[in-house]
Amino acid sequence: SIKGNLKGWQENIAEYAQGNSRLIMAITTPLAAPFLTPLQVDGHIFNLYGNSSIGKSSALAATCSVTGFEMNNFLNTNNSMESVLVSHNDGCVVIDEMGLAHPDRMGNFVYMVVTGKTKGRANQKGDRLDTACFKNNGLASAETTLEGKMGENGNKATAGQEVRFVDIPADAGCGFGIFENTHG
């Protein structure tokens, strides 16, 4: 959806992204998404992780300002997330608060994003239904990494999951949370 105008976005969001690597990533992640299919590249989710109240959700809001999509959260079943991923095909999905996710479902969710296909299902007669396909980039937030979330139930993230669900420290290390430059 469209809200506001380009000038307002440039003055209120893009201007503050200058010199702030996490905000630049948040803005450019959805811009790369339409190129996944033509380049035959798998989707990825970038997970900004770190302590509470350091700006992770603000970075996700900046992503939403580019896409016009609403922010989702991890308090969904994988079936529900299939619908979200399909509706954001060739776009960017934004998912807040990985802490809400069930640790046993995270591994399957990551592989679903990577393979770009919904779960196989059958109709009442047992005939296979078509699976929906999609390609997404995504930005997520959490107070922990994928490995930490999956480890809550003794699971271990695989290398294939970790290269596609990329954990990035949200704290830029400058004393301002996600920000390196507060622009005064």
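Let's start inside the sheet: Phe 46 has Leu 139 as its bridge partner in S4. In S5, the partner of Phe 46 is Val 166.

A word on the model. It is predicted, so local features need pLDDT of at least 70 and side-chain atom pairs count only at pLDDT 80 or more, while totals for chains, interfaces and linings use all residues. Residues are numbered from 1 along each chain as its sequence is written, and side-chain values use heavy atoms, with hydrogens and water left out.

Now the sheet itself. Five strands form an open sheet, in the order S2-S3-S4-S1-S5, with parallel pairing. Strand S2 (72-73) and strand S5 (165-169) stand at the edges, each with a single partner strand, so one side of each has no neighbour in the sheet. Strands here are DSSP runs (E, at least two residues), helices are runs of H or I with at least four residues, and both are numbered from the N terminus. Two strands pair if DSSP finds at least two bridges between them. In general, strands of a sheet pair through backbone hydrogen bonds, either parallel or antiparallel.

Take the pairs in turn. Strand S1 (residues 45-49) is joined to S5 by five bridges, running parallel. Tyr 49 stands opposite Pro 169 in S5. S1 also pairs with S4, again parallel, over five bridges. There, Leu 48 stands opposite Ser 141. Strand S3 (residues 91-96) runs parallel to S4, with five bridges between them. Val 93 has Gly 138 as its bridge partner in S4.

How many residues of S4 are buried? Seven of the seven, so S4 is largely enclosed by the rest of the structure. Buried means under 20% relative accessible area, exposed means over 50%, and partly exposed is in between (1.4 Å probe, protein chains only). In a regular strand, side chains alternate between the two faces of the sheet. Both faces of S4 are covered. On one side sit Asn 136, Gly 138, Ala 140 and Ala 142. On the other sit Asn 137, Leu 139 and Ser 141.

Look at Asn 136. It is found in strand S4 (residues 136-142). Its relative accessible area is 1%, so Asn 136 is buried. The side chain of Asn 136 reaches the backbone oxygen of Leu 85 at 3.3 Å. Leaving aside neighbours within four places in sequence, Asn 136 is in contact (heavy atoms within 4.5 Å) with residues including Leu 36, His 44, Leu 85, His 88 and Val 93.

On to a helix. Thr 63 lies in helix H4 (residues 56-67). Is Thr 63 buried or exposed? Thr 63 counts as buried, because its relative accessibility is 0%. Beyond neighbours within four places in sequence, Thr 63 is in contact with Ala 26, Pro 30, Cys 92, Val 94 and Leu 139.

Last, a residue in a loop. Where does Gly 154 lie? It lies in the loop between helix H7 (146-151) and helix H8 (159-162). Gly 154 is exposed, because its relative accessible area is 67%. The C-alpha atoms of Gly 154 and Asp 104 are separated by 9.1 Å. Along the chain, these two are 50 residues apart.

Note on methods
A polar contact is a pair of N or O atoms within 3.5 Å; within protein, one must be able to donate a hydrogen and the other to accept it, and residues adjacent in sequence count only if both atoms are side-chain atoms.
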